[in-house]
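Open the model in your viewer and keep the selection tool at hand. The stops below say what to select and what to look for.

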Amino acid sequence: MVLPIYEIRSLKHSYADQTVLALEHLTVQPASIVGLIGPNGSGKSTLLRLLGLIERPTEGKIFFNGLCVEPFAYEARFQITLLPQEPLLMKRSVFRNVSYGLKLRGNQNNLIDRVNAALSLVGLPSENFARRPWYALSGGEAQRVALAARLALRPKVLLLDEPTAGVDAASAQLIKEASLRARQESGTTLIVASHDWEWLYEVCDEVIHLFKGRKLGTGRETVVFGPWQPREDGDCQKVLPDGQLIIVPKPSHPHACAVIDRVAIARGDKNPEVKAEQVVLSGIISRMALEHASGDVVVTILIANVPFSVCLARHRISSDGFYPGCRIWLSYDRPAVKWI
Ligand code: ADP
Ligand code: MG
């Protein structure tokens with residue numbers, strides 16, 4: 001068996017007594033691509049900082065290459081590099097920014113070539129960009145310089161925190177391609193937090209869903225936020241803007257989040273027959289993404305403004321005639337709803 005590059009045991013992180021991350025166990029294989037998905041505040045950046053060894057977890061252990069590592073551990077720190085959500089460039093030229101980490105590591109061999117190669121990977125030819133000062137870059141170019149500075153180090157692990165958020169489409173594409181090249185050419189392990197689900201499903205060996213600091217099942221569940229209104233039959237409901245009702249068993253408190261698993265979808269013009277305890281809703285397929293790891297297709301369905309996801313075997317897409325924009329019926333069993 002291959003030694004995992006990371007192993008996390010009973011990791012917990014808190015700020016002012018509030019636990020923002022609690023992960024019992026997690027392993028990451030070397031040269032794999034792991035995606036982190038979750039709403040804002042779910043702990044993605046915190047997890048990346050802990051894996052980047054730049055913050056001390058409140059509890060628990062992180063093993064890197066089989067060894068328990070302390071934050072700021074010198075050896076490991078030089079093999080791991082984090083591109084934060086809003087990277088700051090130094091008030092220097094592009095060349096100085098990209099070469100800084102290499103110099104810091106005493107890695108001065110072929111410095112110019114390595115900087116040029118890294119810049120070229122992110123689509124910034126050095127003849128045009130190496131001398132540019134930090135203030136003469138667009139947002140997308142600055143993000144690419146920050147990435148080039150990390151790629152130049154040929155890290156064992158590259159941690160990317162929302163690398164394509166808020167950059168232009170061309171920069172986003174170049175950032176994605178350059179990250180994948182690093183994995184392909186240097187065997188770099190990539191751990192990426194992103195809202196770009198389609199990209200993550202397409203490229204990742206594993207996608208981890210975080211919710212309120214915890215790993216949420218397989219990530220194929222749908223989470224529906226409250227508040228929930230009581231119904232006469234004892235269950236609770238959420239009224240959607242189009243009048244449809246998401247009906248669930250009574251939660252422990254009105255603002256609990258419902259986890260709806262085992263969702264089924266079907267096409268058809270007529271209202272389907274509804275079995276007792278089953279909820280049927282009408283929606284539109286908003287997107288479909290091929291899940292690289294399983295070969296299945298993750299289908300997102302909008303029921304009014306609430307996104308549901310369901311994972312289907314690839315053959316069902318053509319046999320059932322599903323496509324983005326197509327209207328479908330979605331059903332789930334009320335008693336199967338769980339709470340977090
Ligand atoms: P995400 O990246 O998924 O949006 P974060 O890891 O940034 O989530 O945040 C998780 C939770 O931790 C949030 O509730 C956030 O407010 C809190 N948090 C993050 N950093 C700090 C900090 N330095 N001090 C206090 N709370 C923090
Ligand atoms: Mg974040």
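## The cavity

About 40 Å³ of space lies in the largest cavity of this predicted model. A search of the whole structure finds one cavity of 30 Å³ or more. To display its lining, select Trp197, Glu198, Tyr201, Arg287, Ala289, Val298 and Thr300. By type, these lining residues are four nonpolar, one polar and two charged.

Now colour the elements that carry the lining. Helix H8 (197-203), strand E17 (278-290) and strand E18 (297-303) each supply at least two residues. Which of these elements gives the most to the lining? H8 does, with three residues.

Why does the cavity lie between domain 1 and domain 2? Both domain 1 (6-216) and domain 2 (220-339) give residues to the lining, so the cavity lies between them.

## The two domains

Next, give each domain a colour of its own. The domain assignment of the chain sets domain 1 at 6-216 and domain 2 at 220-339. Their C-alpha centres are 34 Å apart. In the contact of the two domains, ten residues come from domain 1 and twelve residues from domain 2.

## Helix H3 and its partners

Move to helix H3, residues 94-104, and show helix H4, residues 111-121, with it. The axes of H3 and H4 come within 10 Å and cross at roughly 115 degrees. This crossing is right-handed. To see the contact, select Val94, Phe95, Val98, Ser99, Leu102 and Lys103 in H3, then Leu111, Ile112, Arg114, Val115, Ala118 and Leu119 in H4. The residues of this contact divide into nine nonpolar, one polar and two charged.

H3 passes H6 in a right-handed crossing. On the H3 side, select Val94, Asn97 and Val98; these meet Val145, Ala148 and Ala149 in H6.

Asp17 lies in the loop between strand E1 (6-15) and strand E2 (18-28).

The last stop is Pro227, in the loop between strand E11 (222-224) and strand E12 (229-230). Select Gly226 together with Pro227 and look at the bond that joins them. Is this peptide bond cis or trans? The bond is cis, with omega at about 0 degrees.

Methods: Residues are numbered from 1 along each chain as its sequence is written. Chains are lettered from A and ligands numbered from 1 in the order in which they are written. This is a predicted model: local features need pLDDT of at least 70, side-chain atom pairs count only at pLDDT 80 or more; totals for chains, interfaces and linings use all residues. Side-chain values use heavy atoms; hydrogens and water are left out. Axes are lines fitted to C-alpha atoms, for helices over the stretch in contact, and angles run from 0 to 180 degrees between N-to-C directions. Helices (H or I, at least four residues) and strands (E, at least two) are DSSP runs, numbered from the N terminus. A crossing is left-handed if the near helix is turned anticlockwise from the far one by less than a right angle, and right-handed if clockwise. Contact means heavy atoms within 4.5 Å. Ala, Val, Leu, Ile, Met, Phe, Trp, Tyr, Cys and Pro count as nonpolar, Asp, Glu, Lys and Arg as charged, and the others, Gly among them, as polar. On a 1 Å grid over the protein atoms alone, a cavity is a set of points where a 1.4 Å probe fits but cannot get out, and a pocket is an open set with protein on both sides within 12 Å along at least five of seven lines; lining residues have an atom within 4 Å of a point. Grid points are joined across faces, edges and corners, and a volume is the space filled by probe spheres set on the points. Domain bounds come from an automatic or database domain assignment.
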